[in-house]
Amino acid sequence: MAEVNRREIYRYLGIKGQKEPDLQTKALVEDCLEELERSVNCRSFYRRYPLTLLPDSELDFTCFKVKSRALSRNLKDCQEVILFAATLGAGVDLLLRRYSRLSMSRAVVLQACAAARIESYCNEINDKLKAEVAEEGLYLRPRFSPGYGDLPLSCQPDFCRVLEAEKTVGITLTESFLMMPSKSVTAVIGVSKIAAGCVREGCEVCSNKNCLYRRDK
């Protein structure tokens, strides 16, 4: 089984800070993780593009343009971006739907486990990309996804089109720009010649300070 941050799972379940869950909850989490792993089919795909920072917080990825003040700050001093998509696969959605009918309490824990599992998978990709660009003397910035800060979900079709997401990883979009399978991620990662503190996750660059699921520093 891939290493999944249990503290992240507990956070999704509303157990924050240094508070420890009871033994029954811990056992349920471990059992759900084992069952989840049998349904996981991780797939990812990414492409690298030149970046041009334009006036008024507009960014040109060569393949499409977006406008975001938060992302512009994130990509300061970057000359390239990596666009990527990752998913746990459709089997996870089937598992979650099944337990939403059979046991809502288990479904809630499975949702938390799946959310932490896709983050751990994205972290694996991040580490691989970090090692790749390091060989060129380059550095990465934190990954940034549509829906973070002021980067709208409406740019999801551009991500999916450029990455050919349906063909490469099996991701499609609903009319409201939500991804299917639901445990999927698209993101942009800046590539720079200048070193900076690079974290893999996105809470540190999200402007929603009051989010229920925000990680503690």
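Two strands pair if DSSP finds at least two bridges between them; helices (H or I, at least four residues) and strands (E, at least two) are DSSP runs, numbered from the N terminus. With that in hand, here are some notes on the fold.

1. **Ground rules.** This is a predicted model, in which local features need pLDDT of at least 70 and side-chain atom pairs count only at pLDDT 80 or more, while totals for chains, interfaces and linings use all residues. Residues are numbered from 1 along each chain as its sequence is written, and side-chain values use heavy atoms, with hydrogens and water left out.

2. **The sheet.** You will find an open sheet of 4 strands in the order E1-E5-E9-E6, with antiparallel pairing. Its edge strands are E1 and E6 (139-140), each pairing on one side only. As background, strands of a sheet pair through backbone hydrogen bonds, either parallel or antiparallel.

3. **Strand E5 and its partners.** On one side, E5 pairs with E1 (residues 43-50) in the antiparallel sense over 8 bridges; here Arg-43 has Thr-87 of E5 as its bridge partner. E5 is also joined to E9 (residues 184-192), again antiparallel, by 9 bridges. E5 (residues 78-87) is mostly covered, with 8 of its 10 residues buried (buried means under 20% relative accessible area, exposed over 50%, partly exposed in between, using a 1.4 Å probe and protein chains only).

4. **A helix across the sheet.** Helix H5 (residues 104-134) lies across E1, E5, E6 and E9, and runs at about 145° to E5. For such angles, axes are lines fitted to C-alpha atoms, for helices over the stretch in contact, and angles run from 0 to 180 degrees between N-to-C directions.

5. **Leu-36.** Which residues does Leu-36 contact, leaving aside its neighbours within four places in sequence? They are Val-92, Leu-95, Leu-110, Cys-113, Ala-114 and Arg-117 (contact means heavy atoms within 4.5 Å). Leu-36 sits in helix H2 (residues 23-37) and counts as buried because its relative accessibility is 0%. Val-92 is 56 residues apart from Leu-36 along the chain, yet their C-alpha atoms are separated by 6.9 Å.

6. **Cysteines.** Taking a disulfide as a pair of cysteine sulfur atoms within 2.5 Å, the count comes to 0. For Cys-42, the nearest cysteine sulfur, that of Cys-122, is 9.1 Å away; Cys-42 is partly exposed, at 26% relative accessible area. Cys-113, by contrast, is buried at 0%, and its sulfur is 5.3 Å from the closest cysteine sulfur, in Cys-32, which is too far for a bond.
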